[in-house]
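Visitor: Here is a model I would like to go through by question and answer. Please give the cut-offs as the terms come up.

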Amino acid sequence: MIQHSQLSSENLRSKIHSKEIRFGGNKKLKIYGLLSCRSGKRMKKENRVFFADEKEALQNNYRPCGHCMKEAYKKWKEMNTD
């Protein structure tokens, strides 16, 4: 997990281009999603974190975004309801 506030704009673009970063997340809400998600683009920089893959996000106890990852969210919700 990489904090957005620890990356320069150039370094961030480089990591996205090289596929070191594939998902973004909100550290306060513990939600991750696609980098192209409108909800993710609106969050504050200090709340944004990045992940290399879904496995990393799930290992850090983040859940899939209900907007940009509908199927993954549906599966997560089915597995995490009482």
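Guide: Helices (H or I, at least four residues) and strands (E, at least two) are DSSP runs, numbered from the N terminus. This is a predicted model, in which local features need pLDDT of at least 70 and side-chain atom pairs count only at pLDDT 80 or more, while totals for chains, interfaces and linings use all residues. Residues are numbered from 1 along each chain as its sequence is written, and side-chain values use heavy atoms, with hydrogens and water left out.

Visitor: In what order do the elements of the protein chain run from the N terminus on?
Guide: The secondary structure comes to 4 helices and 5 strands. Read from the N terminus on, the order is β-α-β-β-α-β-α-β-α.

Visitor: What is the radius of gyration of the protein chain?
Guide: The radius is taken over C-alpha atoms, and the globule rule is 2.2 Å times the number of residues to the power 0.38. For 82 residues the rule gives 12 Å, and the chain is close to that, so it is as compact as a globular protein of that length. The radius of gyration is 12 Å.

Visitor: In which sense do strand 2 and strand 4 pair?
Guide: Two strands pair if DSSP finds at least two bridges between them. Strand 2 and strand 4 have 4 bridges, and G24 stands opposite F50 in strand 4. The sense is antiparallel.

Visitor: Which residue of strand 3 is the bridge partner of F23?
Guide: Strand 2 and strand 3 pair in the antiparallel sense over 4 bridges. G25 stands opposite Y32 in strand 3. For F23, the bridge partner is L34.

Visitor: Are the residues F23, G24, G25 and N26 of strand 2 buried or exposed?
Guide: Buried means under 20% relative accessible area, exposed over 50%, and partly exposed in between (1.4 Å probe, protein chains only). In a regular strand the side chains alternate between the two faces of the sheet. Here F23 and G25 point one way and G24 and N26 the other, yet all are buried.

Visitor: Why does K28 count as exposed?
Guide: K28 is in the loop between strand 2 (23-26) and strand 3 (31-34). K28 counts as exposed because its relative accessibility is 63%.

Visitor: Which residue takes a positive phi in the hairpin of strand 2 and strand 3?
Guide: The hairpin has 4 residues between the strands. The positive phi is near 60°, and the residue is K30.

Visitor: Which residue in strand 5 stands opposite I31?
Guide: Strand 3 and strand 5 (residues 63-64) pair in the parallel sense over 2 bridges. Opposite I31 stands R63.

Visitor: Which element gives the most to the lining of the largest pocket?
Guide: On a 1 Å grid over the protein atoms alone, a pocket is an open set of points where a 1.4 Å probe fits, with protein on both sides within 12 Å along at least five of seven lines; lining residues have an atom within 4 Å of a point. The largest pocket is lined by 23 residues, of which C37, S39, G40, K41 and M43 lie nearest its centre. Helix 1 (9-17), strand 2, strand 3, helix 2 (38-42) and strand 4 (48-51) are the elements that give two or more residues to this lining. The most, 4 residues, comes from strand 3.

Visitor: How far apart in space are K74 and M43?
Guide: K74 is in helix 4 (residues 70-79). K74 and M43 are 31 residues apart in sequence. C-alpha to C-alpha, the distance is 23 Å.
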